[in-house]
There are 2 protein chains.
Amino acid sequence: MAGRKRVRNPASKDMILAAAERVVTQQGPGKLTLDAVAREAGLSKGGLLYNFPSKQTLIQGMILDHVERHRSRYEELRGARAGEPDSAICALIEARKAAGIERGVGLAMLAGLAEDPELLSPLRAEMRKVLDEIRENATDPMVATIVWLAIDGLEFMELLDISPFDDKQRENIESQLTGFIESGCGAASEAKGDFK
Amino acid sequence: MAGRKRVRNPASKDMILAAAERVVTQQGPGKLTLDAVAREAGLSKGGLLYNFPSKQTLIQGMILDHVERHRSRYEELRGARAGEPDSAICALIEARKAAGIERGVGLAMLAGLAEDPELLSPLRAEMRKVLDEIRENATDPMVATIVWLAIDGLEFMELLDISPFDDKQRENIESQLTGFIESGCGAASEAKGDFK
DNA sequence: GTCTCTATACCGTCCAGCCGGTATAAATAA
DNA sequence: TTATTTATACCGGCTGGACGGTATAGAGAC
């Protein structure tokens, strides 16, 4: 049944997810309403609810979509370093640099948390998975873990818009992080200079 | 005006703040409503709104209260290390260990973000202040910064309840973090053992 | 009396979800 | 081919409830 669906317009779901992301980034998690998403997607509320039968499923869709995209990006980058030590954590740093922050999904997460904390459970699973992968091939699991935590800390701060770093400092930090990984993640740690 | 208030019952505000924290921890940020807080505080809605004329001011109160308490705890701990290098970051790690996570305020932050992103600005200011202090007396500002980020990352994860660490692992990480500070934060890094 | 504080009732708004209806297209039958 | 049925996809009005905030009156302290 899954594969045999008739699907006149499978793009609708993607369009809706994109619209929802736009809404949440522009208006904040408190303004993520079905009406707003429908309007932004150029769709009626009924049409929206046809594709996502509830607000929860919509948010769940946003989160799952993000987890999937993030994972494929990460795995691609990791594939390029196949066999190297610290490939997992290094790929993760790279993925973050490449994607910038995806504020939309983060804010969707927050909206989801307000709605129902359980919505974050796929994220929890992904976290665990990523951490395991990182530790598995890290030359120093503890260092890798801390670097991972730092990355996430930075990301959360920017999500909440309370980060005290400007763009330049953030880039500097990201560069320095690779320096903490013993293998150096391939690139030598330049920019060792002043942080202040 | 601020200092001359008659304040017959300054305890009300504290009771309300405590109740609000209970509500938000038990029910989640989406359920932080005036009615719920009033009920939890054993107070009528009118009484609540007398003390905090709007939901925003209530949340603001929660955040400010937290910032103040956190800061005084931090400064106390830092005072005990007056003159030492890395006193700031070390005191911060200690403060975190001592207080555990204060889930209530964190979740209040999120509720505030949904309400009005501007509510987080005192937090942003505090972040900047703390970071400056950390860097100022750090033997290696970059390391201290990253340790700080890692602490916050851990805290955010636990706030959202997506942390992949159990209590033992978390404690281990916290201990290890001090090891990254050059001065070692006084305590030698024991527990260097297996992380897995 | 007056000031501080609390209680109750109420209002307006917002919003999730529901539901009857419509249009299109494929399948089936004649 | 044409008529009938069925499934897909979407529309938009409606409603019931929740929630923030207001109005007003009353209790207790000074």
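What follows is a chat about a predicted model with two protein chains and two DNA strands.

User: OK, and how many residues are in contact between chain A and chain B?

Analyst: 35 residues of chain A are in contact with 35 residues of chain B. On chain A, the elements giving two or more residues to that side are helix 6 (103–115), helix 7 (121–136), helix 8 (141–160) and helix 9 (167–180).

User: Which helix of chain A gives the most there?

Analyst: Helix 8 of chain A does, with twelve residues on the side that touches chain B.

User: What's that side like by class, nonpolar, polar or charged?

Analyst: The side of chain A that touches chain B has 23 nonpolar, five polar and seven charged residues.

User: And why can I say the copies meet through the same surface?

Analyst: Because 100% of the interface residues of chain A are also interface residues in chain B.

User: Switching to the DNA. Which residues are closest to DNA strand D?

Analyst: Ser44(A), Gly46(A), Gly47(A), Thr33(B) and Lys55(B) are the closest, out of 22 residues that surround DNA strand D. Both chains are in that list.

User: Which elements supply that surface?

Analyst: Those giving two or more residues are helix 3 (45–51) of chain A, along with helix 2 (34–40), helix 3 (45–51) and helix 4 (55–79) of chain B. The largest share, five residues, comes from helix 3 of chain A.

User: How many charged residues are in the surface near DNA strand D?

Analyst: Seven are charged, next to ten polar and five nonpolar.

User: Now DNA strand C. Which residues come nearest?

Analyst: Lys55(A), Ser44(B), Gly46(B), Gly47(B) and Tyr50(B) come nearest, of the 21 residues around DNA strand C. Here helix 3 of chain B gives the largest share, five residues.

User: Which elements each supply at least two residues near DNA strand C?

Analyst: Helix 2 (34–41) and helix 3 of chain A do, together with helix 3 of chain B. By class, the surface near DNA strand C has five nonpolar, nine polar and seven charged residues.

User: Let's go inside chain B. At what angle do helix 4 and helix 5 of chain B cross?

Analyst: Roughly 125°, and their axes come within 8 Å. That makes helix 4 of chain B oblique to helix 5 of chain B. The crossing is right-handed.

User: Which residues make the contact?

Analyst: From helix 4 of chain B there are His70(B), Arg73(B), Tyr74(B), Leu77(B) and Arg78(B). Helix 5 of chain B brings Ser87(B), Ala88(B), Ala91(B), Leu92(B), Glu94(B), Ala95(B) and Ala99(B). That contact divides into seven nonpolar, two polar and three charged residues.

User: What about helix 7 and helix 8 of chain B, how far apart are their axes?

Analyst: The axes of helix 7 and helix 8 of chain B are 8 Å apart, and the helices pack at an angle of about 140°. Helix 7 of chain B is therefore oblique to helix 8 of chain B. This crossing is right-handed.

User: Who meets whom there?

Analyst: Leu131(B), Ile134(B) and Arg135(B) of helix 7 meet Pro141(B), Ala144(B), Thr145(B) and Trp148(B) of helix 8. The contact has five nonpolar, one polar and one charged residues.

User: Last one, over in chain A. Is the crossing of helix 5 and helix 8 of chain A left-handed or right-handed?

Analyst: Left-handed. The axes of helix 5 and helix 8 of chain A come within 10 Å and cross at roughly 15°, so helix 5 of chain A is roughly parallel to helix 8 of chain A.

User: And which residues make that contact?

Analyst: Ile89(A), Leu92(A), Ile93(A) and Arg96(A) of helix 5 of chain A, with Ala144(A), Val147(A), Trp148(A) and Ile151(A) of helix 8 of chain A. These divide into seven nonpolar, no polar and one charged.

Key. Residues numbered from 1 in each chain as written. Chains lettered and ligands numbered in written order. Predicted model: local features only at pLDDT ≥ 70, side-chain atom pairs only at ≥ 80, totals over all residues. Least-squares fit on C-alpha atoms with pLDDT ≥ 70 in both. Contact = placed C-beta atoms within 7 Å. Near = placed C-beta within 6 Å. Helix = DSSP H or I, 4+ residues; strand = E, 2+ residues; numbered from the N terminus. Nonpolar A, V, L, I, M, F, W, Y, C, P; charged D, E, K, R; others polar. Axes fitted to C-alpha atoms, helices over the stretch in contact; angles between N-to-C directions. Parallel < 35°, antiparallel > 145°, perpendicular 65-115°, else oblique. Left-handed = near helix turned anticlockwise from the far one by under 90°.
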